[in-house]
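Visitor: I have a new model open and would like to learn how to read it. Could you take me through it, feature by feature?

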Amino acid sequence: MNLVASSAKTNTALHLSGIIKRFGEHEVVRNLDLEVRKGEFISVLGPSGCGKTTVLRMIAGFEHPTTGRILIDGSDVCRLRPDQRNLGMVFQTYALFPNMSVAANVGFGLKIAAMADRDIQRRVAEMLELVGLTGFERRFPYELSGGQQQRVALARALATKPAMLLLDEPLSALDAKIRLSLREQIRDIQTELGITTLFVTHDQEEALSMSDRVAVMNSGRVEQFGTPLEIYNRPATRFVASFVGTLSVLKATLLDPASGAVEVATATLKNLEIPQGLARGDHISLAVRPEAIRFGVHKGDAILRGKIAGVGFYGSVIRVRLLVGNETITIDIFNTPLSPPPSRGEDVDISIDPNSVFVMRAE
Amino acid sequence: MSVSEKDVPELGISEPSKLPITRRASALRRLDWSALIGVAPFFIFALVMMVAPTVALIANAFVDHQGHLTFGNFADLNTPEVAGAFAESIRLSAASAVIGAVIGLGLALTVGRGIRSTKVRSIVMTFCGVASNFSGVPLAFAFVATLGRLGLVTVAIKAAFGIDIYAAGFDLASFWGLTVTYLFFQIPITITIMMPAIDGLRRDWCEAASILGASSWQYWRHIGMPILWPSLLGTLALLFANSFGAIATAYALTGYAVNIVPIVLYAQIRGDVLHNESLGAALALGMIIVMAFANTVYLILRTRAERWLR
Amino acid sequence: MIKTMHLLRWTCLSLGVAFFLMPLISTAEFSLSLRRDGYSFDAYRYVFADPDFISSFSYSALIALCTIFVGTILVVPTVYLVRLRLPWLRPAVEFIVLLPLIVPPIILVFGYVRMFSSSSLLPLTGNSRGSDILLICGYVTLALPYLYRAVDTGLQAINARVLTEAATILGARPITIIIRIILPNILVSVLSGAFLTFAVVISEFVMASLLTRPAFGPYIQRVGVAKAYEPAALVILSFFITWTAMGLVQFLARFSPNVQRESK
């Protein structure tokens, strides 16, 4: 069931160029550019207040950009009202109409489009089957759980076969377990239908696990737009590195930019990639992902020594806190039943692959 | 609930007569006695000062002068005067309720959806609170000063447009004059009740409808009005009950001119006209039935509205 | 399109405002017109100089205070205990609180006159003290729905159950909890109910007149029959008294404490 119109000229479903949004004096979105391809699942990820919801609402038509253009399927939509843009939207608060049954809710957009009753019934049944709620036609929103309500909202948004699907933090109000199962369900439905989707969230796990590409936003700007792998392994900015995933950070001093030598605690590490603009003696921060650190001594890696400060058991992962010098870093290792986890107070060696270290200017 | 062996050590099933008392005793022991003593004053007050007088009065509706049980008083209610009073009361209550609800809804929508300033809203809500309690002699006097024969507005209209509204047939001390006066508190009551309901129309419903292709009018037709409808009907019922039981304004404005039930009842108590206490009691019972019905309708509709919007 | 909506909105609002302000303006204008040759506050001066005004107003104010006191003492423990310990009594309480709406004041006072007349068990209507008590009871009945609603909402907002449990674990006894924790937190609600009650009692007419008590309502009616300009002044005064009371209720709403609800 592929909903993508085959007569479109370009492959770009959505093009935001030069978007600036000001509320009075406050600039909420600064000079934003974004291009989304047809059929892609894009997450817009960022902390509260970064402007991601505002961007979504501008695409939907509830807000107007102060300057800039929004092109959907190649045409400028700025003159179109929200009810004319042929989009589907799922809200954080579900927004199901309380006076209507599930079937009436899902069929609302079709009723407005003056579709025949029989056709509406058929499409509603189709949609409810898609989200796994066949048989719920006559129920009312107040009788449904949060997860069920959100699935109805999804069915309702997709019933009109919109050009694009917008989701505004749809899983934030749900329990953890429901969130996980719904995550997969949304992604499966999206893949099956092939509909271009924009997913706004502050949960980086959601963004990384569901998306084709992720736009990380901070203070109104997109700091990086790339695949989950790129964002995680090669963060473009300090913010992206610390917001996406966890980081272990150590303070260091730059010894030699050319050979990539730095001094950490009492050890010297070599062959690190040093960004431009840093000179000998500068204070820097070394950031590395917890899973990139290994116990023991491995050839070619940077070697450090530390004392175990604490061990946390997370099921499949064991998180170890290590005291290096007078800083604590986090190390994640898999829980393998064969080798016992390290114990508190032990002195250990750790190895870090120089390629997985991010070097940044000290705060 | 079973009686354990510990409670009745020596008794076996062979002495069933002693078991029910023990069972009752342990049930009594489960009651929260200290809390019950705490709420006792409230219930005693309610019983003595609210329920008892009403019941005693209603009981009197079923006896005649000699104290014998009779339904004769209800037959007496069928006089043109009393039946006319009920009909008039219903007409008046319906008129002020419907007009009050419609205008009140319009104003509530205007203020609720249009005005964003919290200061203005606060002033409007305060005024509504004041106006809904503003009744009786002060209200009657205020309207006489406005629309009476020498009222400010009457005189102003004559001066500005040359129209004498009294010559055209308008009279404040009449059915419609009373209705207009009642609107002064009926409209604010509507606004007070409908404002939370209108505020409860979440913005995301409007946005969801919009994204699904609905125009503003379609939103109101399919979603907005249906959601407000139970509250509005409930308000109608409440306004009806409120108007039906009101006497002070009517008495002050029209005296005995407009024949409504509370006025007739007032006359009975005062002993002005017939001094037939049993008839008065029957009247009171009639009023209570109407009020109880209207209030029940209001409650059912309110519960329904609240259930949807949980 | 938006402009027409705006125009429509402001027209509706202006008409509404006109309807509600006209009576007040007319009355105010009338109250200032005692002297033929211009506006003056003479009507107000006569009113304030009238000994009947002072005595009837103080009487009503005193009755109002008694009503508030009795009402609060009856309602607060009841609402609290029903909420926390006797939830099965809630329907009974809600029914009682509904009665004043079904039984209008005129019928209630009719019942009082019959039940407590000189030939019954409690001859209260016979003397003035007894009639005062009846009036207070009648007003408590009138005010009951307001007081109950205010206190119930207040207790719900502060999540009384959780606070009581926390205090109990810390070792407090029930009386201590009510006095030191519950009451201070619902003070705003209680005061709201109190001001509303005050407004209702001050301008009440039917009960006071039928029980022949020297209250403010019957006084206004007497003046309305006897004089021309003074009633207008009284109307304006009574309006401002009610406005102040209601304004205080709205003002107090800003200070109502609100404990965060646990997320579902």
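**Reading the chains and their contacts**

Guide: Let's begin with chain B, whose elements from the N terminus on run α-α-α-α-α-α-α-α-α-α-α-α-α. Helices (H or I, at least four residues) and strands (E, at least two) are DSSP runs, numbered from the N terminus. That gives chain B 13 helices and 0 strands. This is a predicted model, in which local features need pLDDT of at least 70 and side-chain atom pairs count only at pLDDT 80 or more, while totals for chains, interfaces and linings use all residues. Residues are numbered from 1 along each chain as its sequence is written, and chains are lettered from A and ligands numbered from 1 in the order in which they are written.

Visitor: How many helices and strands are there in chain C?

Guide: Chain C has 11 helices and 0 strands. Its C-alpha atoms fill a box of roughly 75 × 70 × 30 Å, taken along the principal axes.

Visitor: How do I read burial, and what share of chain C counts as buried?

Guide: Count neighbours: a residue is buried if 20 or more other C-beta atoms lie within 10 Å of its own, exposed if 12 or fewer, and partly exposed in between, with C-beta atoms placed from the backbone. In chain C, 45% of the 264 residues count as buried. For chain B, buried residues make up 44% of 310.

Visitor: And contacts? What share of those in chain B join residues at least 24 apart, among contacts between residues at least 6 apart?

Guide: Two residues are in contact if their C-beta atoms, placed from the backbone, lie within 7 Å. With that separation of at least 6, 74% of the contacts in chain B join residues at least 24 apart. In chain C, residues 24 or more positions apart account for 75% of the contacts with a separation of 6 or more.

Visitor: Which chains have the most contacts between them?

Guide: Among the 2 pairs of chains that touch, the most contacts are between chains B and C. That contact takes 59 residues from chain C and 56 residues from chain B. On the side of chain C that touches chain B, helix α1 (residues 2–31) of chain C gives the most, with 12 residues. The side of chain C that touches chain B then divides into 41 nonpolar, 14 polar and 4 charged residues.

Visitor: How many residues does the contact between chain A and chain B take?

Guide: It takes 18 residues from chain A and 18 residues from chain B. The largest share of the side of chain A that touches chain B, 3 residues, comes from α3(A). By class, that side of chain A has 13 nonpolar, 4 polar and 1 charged residues. Chain A and chain C do not touch, and their nearest C-alpha atoms are 9 Å apart.

Visitor: How do I spot a bent helix?

Guide: Compare the end-to-end distance with the expected span, which is 1.5 Å times one less than the number of residues. Helix α8 (residues 174–202) of chain C has 29 residues, but its end C-alpha atoms are only 36 Å apart, short of the 42 Å that a straight helix would reach.

Visitor: Where is the kink in α8(C) centred?

Guide: On Leu187(C), with a kink of about 55°. The bend at a residue is the angle between axes fitted to the seven residues ending there and the seven starting there.

Visitor: What about the largest nonpolar core? How many residues has it?

Guide: A nonpolar core is a set of buried Ala, Val, Leu, Ile, Met, Phe, Trp, Tyr and Cys residues joined through C-beta atoms within 7 Å. The largest has 270 residues, and those with the most contacts inside it include Val216(A), Ala284(B) and Val151(C). Helix α6 (residues 128–157) of chain C supplies the largest share of this core, 15 residues.

Visitor: Can we finish with one residue? Why is Pro228(A) partly exposed?

Guide: Pro228(A) is partly exposed because it has 19 other C-beta atoms within 10 Å. Its place is in helix α8 (residues 228–233) of chain A. Leaving aside neighbours within four places in sequence, Pro228(A) is in contact with Leu208(A), Ser211(A) and Val214(A).

Technical notes: Ala, Val, Leu, Ile, Met, Phe, Trp, Tyr, Cys and Pro count as nonpolar, Asp, Glu, Lys and Arg as charged, and the others, Gly among them, as polar.
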